[in-house]
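Look at the sequence and the 3D structure below. Then work through the briefing topic by topic.

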Amino acid sequence: MKKPTWFLNLSLKTKLLIMFALVGLVPLAITFLESYGEIRNASLQSQNYAANQNYEQTHSILSSKMARIEKMSSMVIVNEALSAALIADPETTDIGEQILNFDEVVSYTQVLEASSEVDNIVYYIDDRFVVTGADTRFRMLSRIEPLEWAHKLNANGGAPTWLLYEDDSSPPAKSYLTLGRIMWNMEDYQEPIGTVVINLDLKQISQSLTKSVPEQFVYLATEEGEMIASSDNSQLGTMRLPQTLETGNRFLKVTQANDSYQVRSNQIGHTGIYLVSVIPQSAAAAAMNKVGTQIITVYLLVSVALLLLIFPITKSVTHRVMLLTKKMDQVRKGWLQSLDIAPRDDEVGRLVSSYNYMIDNVQNLLQEQFKLGQEKKGAELKALQSQINPHFLYNTLDMLFWMAQKGEKENIQQVIYALSDYYKLILNKGEDLVTVGDEIRLSSIYIDIQQKRFKGRIQFEIDVEKEVEECLIPKITLQPLVENAIVHGISENPEGKGTIIIRGTILNQRMILSVVDDGIGMEEEKSERPGYHGSGYGVNNIEKRLNLYFGEQTCMRFESAPGAGTSVIIDVPVIKSLEAS
């Protein structure tokens, strides 16, 4: 299987960050997903449990209340005083007796009203009784006979019937949830003697319709879907079901107007009235979103804290590795520098210590090698100089011998004095390098000596910049070139005379020295290989010493043509101090 090269080529820092992320963040994310799933299920179960408990409690309260009112209605219709008052013939019973009989009923009714949650109890009786009126407790039976709820009560055989009742006895009209019941003659149960209605205030009913979540809608409705009371009238238009249904002991999902709801609906006893609870799916989603947001917030905070810990740990390793890498890149470019950071005893710290130890050893070896190279270079320079000094001395002694034969005592004295100055400059306190100014003085002394031989036929000129005179070159560099110009250039002229010019300038941090003569010159092939013109011994010696000192392969070049003289040009870097060398 081929390894992924993209990963192998990633930086160490990136690999460590990926590793820490996989080790830290991935398990954290898995834990988050698992926890979120568990918390979500637990939250849904808790929400469903709370909604069911709330529904059961409301259903139980309403069932108990209606059962008590039904029981109260039974107590009313079996009341002997009421039965006696209604059985009496209105036409034959004295008015005063009627009033006394109904006062006893009123007292009993007031006791029932005070001891229960009902708003009032109203009796519809024979119109002929003197106590009946539009706004009294006893009202004319004929008023309700055409009403729908009265027909419904009659259709139910006079049994306890729950219905909506509107009392318009005094403006404004008021609506009630009412238990209606027909009252029968206690002596003849086939004969109805009136109707009793026990009224419950709808506001009181609405207050008992509690909610488990703010978005929930709870209401009471008849079998036909007629609304009785609700927890919030503003939700009627969107959350009221078009018809009632029986869901048992659980909430069912219902879709209505492109929205989904959780609905539970059950009849309260055998009243024909249903308690309906509607919870939008968005309410459950909102609760889940809240829980999810909290968990995500905690997850992000933990992730950020983990990253804040990961970066310093990663940096403690990669920072030193990066510094070490940069230093090693500098080693490739020839810069040997140790890594100056606080020592540590971990693996990277030991690697840094090993690198510094290696660099120190390499620097020591290079210094030793440099010293050996300098010693070798100095030895070679001294060897070359030791070769050229006797050569010059031999020529001078030969000239002294010639002067002695001719008895030129004064010239011999002057030559010996000049020779003494010459060797004082050559020795130069044992130094191998001299300034260009000293070299020019050395050449001037040599010219002075040669003038004794050539009787003033040599013209010597110096055109050297002041800055050039301060530069360093190996000693005895210009004098042999001046000597070659005399011996191989001017002396071979038919006239035996000529001019030698030493020029010097600095161009682009390079020193350009030239020794120019107007002698016989050289052919082109000999100017490229000057050793063929004469012995070339001094020229080769100079070139080797320049190569050794300046470290360049070509430090000299010749420009010459037959009959046009010769120019020897030295082109080397500018060096003005021994430290720079």
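Is the crossing of α3 and α4 left-handed or right-handed? The crossing of α3 and α4 is left-handed. A crossing is left-handed if the near helix is turned anticlockwise from the far one by less than a right angle, and right-handed if clockwise.

This is a predicted model, in which local features need pLDDT of at least 70 and side-chain atom pairs count only at pLDDT 80 or more, while totals for chains, interfaces and linings use all residues. Residues are numbered from 1 along each chain as its sequence is written, and side-chain values use heavy atoms, with hydrogens and water left out.

**Overall make-up**

- The secondary structure of the protein comes to 15 helices and 17 strands. Helices (H or I, at least four residues) and strands (E, at least two) are DSSP runs, numbered from the N terminus.
- The protein has 581 residues, and 40% of them count as buried. Buried means under 20% relative accessible area, exposed means over 50%, and partly exposed is in between (1.4 Å probe, protein chains only).
- Take the contacts between residues at least 6 apart in sequence: 61% of them join residues at least 24 apart. Contact means heavy atoms within 4.5 Å.

**Helices α3 and α4**

- Helix α3 covers residues 80–87 and helix α4 covers residues 95–114. Their axes come within 9 Å and cross at roughly 150°. That makes α3 roughly antiparallel to α4.
- Axes are lines fitted to C-alpha atoms, for helices over the stretch in contact, and angles run from 0 to 180 degrees between N-to-C directions. Angles under 35 degrees count as roughly parallel, over 145 as roughly antiparallel, 65 to 115 as roughly perpendicular and the rest as oblique.
- From α3, A81, L82, A85 and L86 take part; they meet N101, F102, E104 and V105 of α4. Six residues of this contact are nonpolar, one is polar and one is charged.
- Ala, Val, Leu, Ile, Met, Phe, Trp, Tyr, Cys and Pro count as nonpolar, Asp, Glu, Lys and Arg as charged, and the others, Gly among them, as polar.

**F102 in helix α4**

- F102 sits in helix α4. F102 is buried, at 2% relative accessibility.
- Leaving aside neighbours within four places in sequence, F102 is in contact with A85, L86, I125, F129, V131 and F138.
- F102 and L82 are 20 residues apart in sequence, yet 7.3 Å apart in space, C-alpha to C-alpha.

**Nonpolar cores**

- A nonpolar core is a set of buried Ala, Val, Leu, Ile, Met, Phe, Trp, Tyr and Cys residues joined through side-chain atoms within 4.5 Å.
- The largest nonpolar core has 40 residues. Y123, I125, L177, M183 and L220 have the most contacts inside it. Helix α2 (residues 12–77) gives the most to this core, with seven residues.
- What does L177 touch, not counting residues up to four places away in sequence? L177 touches M66, W162, L163, I198, N199, L200, L202, I205, I228 and I273.

**Helices α11 and α13**

- Helix α11 (residues 436–454) and helix α13 (residues 478–490) pack at an angle of about 30°. Their axes are 8 Å apart. That makes α11 roughly parallel to α13.
- The crossing of α11 and α13 is right-handed.
- The residues of the contact of α11 with α13 divide into eight nonpolar, three polar and two charged.

**Loop residues**

- I476 lies in the loop between β13 (472–474) and α13. I476 has a positive phi of about 60° although it is not a glycine. I476 is buried, with a relative accessible area of 1%.
- Q509 is in the loop between β14 (498–507) and β15 (510–517). Q509 also has a positive phi of about 60°, and Q509 is not a glycine. Q509 is exposed, with a relative accessible area of 61%.
- D127 is in the loop between β1 (120–125) and β2 (138–140). D127 is partly exposed, with a relative accessible area of 28%. Leaving aside neighbours within four places in sequence, D127 is in contact with T132, M140, L141 and S142.
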